[in-house]
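Subject: Structure handover

Hello,

Here is the structure you asked for. My notes on it follow below.

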Amino acid sequence: MTKTKFLSTAIGSMPFEDPRYAVSVSLKSLDAPIWPQLPRLGLLEQMEVQYSENIPCAVIDTEKSRMYFQTDEDYSEKFAEFYEAYMAATDPDNGTKDFSPMAISEKYSKGIYALLETLKETGKKLPWLKVQSTGPVTFALSIVDENKRAMYYNEEFRDVIVKSIVMKSRWQIQKFKPFAENIICFIDEPILSAFGSSTYVSVKREDVVGILAEVIEAIHAEGAVAGIHCCGNTEWSILIDAGVDIVNFDAFEYGETIAMYEGHVRQHLERGGSLAWGVVPTSEKIREQTVESLEKQLENMMDNLASRGIDKKLITEQAIITPSCGTGSLATADAEKVFSLMLDLTKRMKEKYG
């Protein structure tokens with residue numbers, strides 16, 4: 001992977017209601033602009049719901065503002081159609097690479113299409129661009145069936161969910177390939193912060209690694225860079241063992257935790273991977289921050305990791321800067337400040353380290 005040297009990007013969600021404005025903020029603030037997820041536009045732009053379109057047996061209940069899976073009826077034909085489309089697209093010898101059966105329509109994402117239109121109008125090819133998919137582990141543990149049982153524990157449906165995310169990720173990468181030299185695809189896995197807790201005691205580490213690896217391999221198959229975002233503390237070695245290129249973590253609240261896995265982190269950096277330092281907070285704490293305070297926080301966290309015997313030059317050459325999480329739940333003024341500080345902090349760190 002190319003040395004990222006404080007490249008800036010962001011997590012998907014934004015609090016704005018005008019898709020074109022959200023795109024303009026993304027393009028002017030970030031080295032690797034994102035397509036904006038806009039949860040304030042309604043249920044279909046919520047994190048898991050946005051990626052549910054055309055997955056077999058997914059039901060949107062608008063009255064209760066939720067989605068679930070209907071598993072108590074014969075789904076054999078729907079599954080057969082799904083796997084037929086999946087195999088036709090992904091066959092290593094004769095695959096069509098047609099992932100449109102799992103496309104995300106404008107009804108579910110105004111942001112994807114606003115960014116595509118803007119890029120078509122400008123006619124420029126960006127150095128970097130970032131897309132994102134909800135993580136299959138988060139999706140399968142968060143969404144339930146008609147009996148309120150998490151889909152993760154239904155192995156048939158879990159496999160369909162994982163392969164649906166694979167197809168949606170590859171579809172996104174293909175859509176944006178004409179507009180960028182390099183594409184990053186993040187897998188957003190906030191639920192991994194609860195990995196190992198009593199709530200998810202039956203979720204096995206090797207299963208999580210395998211699920212993530214399947215999506216990462218699909219992203220690589222499209223020639224893109226794979227990242228995983230988790231906005232809480234987790235067992236960071238899971239992400240690295242799954243083969244991810246970019247580990248994205250909340251370096252404002254949990255920055256010291258990455259150093260607890262110095263062996264895995266060293267291996268990750270030495271094989272060309274990057275750490276995406278989510279040092280710009282996405283809470284009301286952003287109101288107290290300055291470029292100077294964030295620079296100090298970032299330096300402290302990088303020094304803490306370097307104190308474990310990892311070359312700081314390696315850390316800085318393969319660093320990315322992001323907000324700690326999405327900005328979708330923030331007041332718009334706070335979100336504006338997040339992106340303004342992102343721009344200034346990235347510029348400062350690049351000037352400092354060359």
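Gly123 sits in the loop that runs between helix H3 (110-122) and strand S4 (126-134). Helices (H or I, at least four residues) and strands (E, at least two) are DSSP runs, numbered from the N terminus. Gly123 is exposed, at 65% relative accessibility. Buried here means under 20% relative accessible area, exposed means over 50%, and partly exposed lies in between (1.4 Å probe, protein chains only). From Gly123 to Val144 is 21 residues in sequence and 43 Å in space, C-alpha to C-alpha.

Some ground rules. This is a predicted model, in which local features need pLDDT of at least 70 and side-chain atom pairs count only at pLDDT 80 or more, while totals for chains, interfaces and linings use all residues. Residues are numbered from 1 along each chain as its sequence is written, and side-chain values use heavy atoms, with hydrogens and water left out.

**Backbone**

Most residues other than glycine have a negative phi. Ser65 has a positive phi, near 50°, and is not a glycine. Ser65 is placed in the loop between strand S2 (58-61) and S3. Lys148 also is not a glycine, and its phi is positive at about 65°. Lys148 belongs to the loop between helix H4 (136-142) and helix H5 (155-176). Lys148 is exposed, with 67% relative accessible area.

**Salt bridges**

How many salt bridges does the count come to? The count is 22. The rule is a side-chain nitrogen of Lys or Arg within 4 Å of a carboxyl oxygen of Asp or Glu.

Start with Arg308 and Glu262. Their side chains form a salt bridge at 3.5 Å, N to O. This pair links distant parts of the chain, 46 residues apart. Arg308 is in the loop between helix H9 (291-306) and helix H10 (312-317), and Glu262 is in helix H8 (residues 262-270). Arg308 is partly exposed, at 36% relative accessible area. Glu262 is partly exposed too, at 26%.

Next, Glu295 and Arg348. The closest N and O atoms of this salt bridge are 3.0 Å apart. Glu295 lies in helix H9 and Arg348 in helix H11 (residues 332-353), so the pair ties together parts 53 residues apart in sequence. Glu295 is buried, at 15% relative accessible area. Arg348 is partly exposed, at 29%.

Then Glu317 and Lys313. The closest N and O atoms of this salt bridge are 4.0 Å apart. Both residues lie in helix H10, four residues apart, about one turn of the helix. Glu317 is buried at 17% relative accessibility, whereas Lys313 is exposed at 53%.

There is also a network. Salt bridges with shared partners join Glu292, Glu295, Glu299, Asp303, Lys312, Arg348 and Lys352.

**Aromatic pairs**

A pair of aromatic rings is described by the distance of the centres and the angle of the planes. The search of the whole structure gives twelve aromatic pairs. Rings of Phe, Tyr and Trp (its six-membered ring) pair if their centres lie within 6.5 Å; planes under 30 degrees apart count as stacked, over 60 as edge-to-face and the rest as tilted.

One of the pairs is Phe16 with Tyr21. The ring centres of Phe16 and Tyr21 are 5.2 Å apart and the planes are at 85°, so this pair is edge-to-face. Phe16 is buried, at 5% relative accessible area. Tyr21 is partly exposed, at 32%.

Phe249 and Trp277 are also edge-to-face, because their centres are 5.0 Å apart and their planes are at 65°. Phe249 is in strand S7 (residues 246-249) and Trp277 in strand S8 (residues 274-280), so the pair ties together parts 28 residues apart in sequence. Phe249 is buried, at 0% relative accessible area. Trp277 is buried as well, at 0% relative accessibility.

Look also at the aromatic cluster. Phe69, Tyr75, Phe79, Phe139 and Phe157 form one such cluster.

Is Asp72 buried or exposed? At 53% relative accessibility, Asp72 is exposed. Asp72 lies in the loop between strand S3 (66-69) and helix H2 (76-90).

Best wishes
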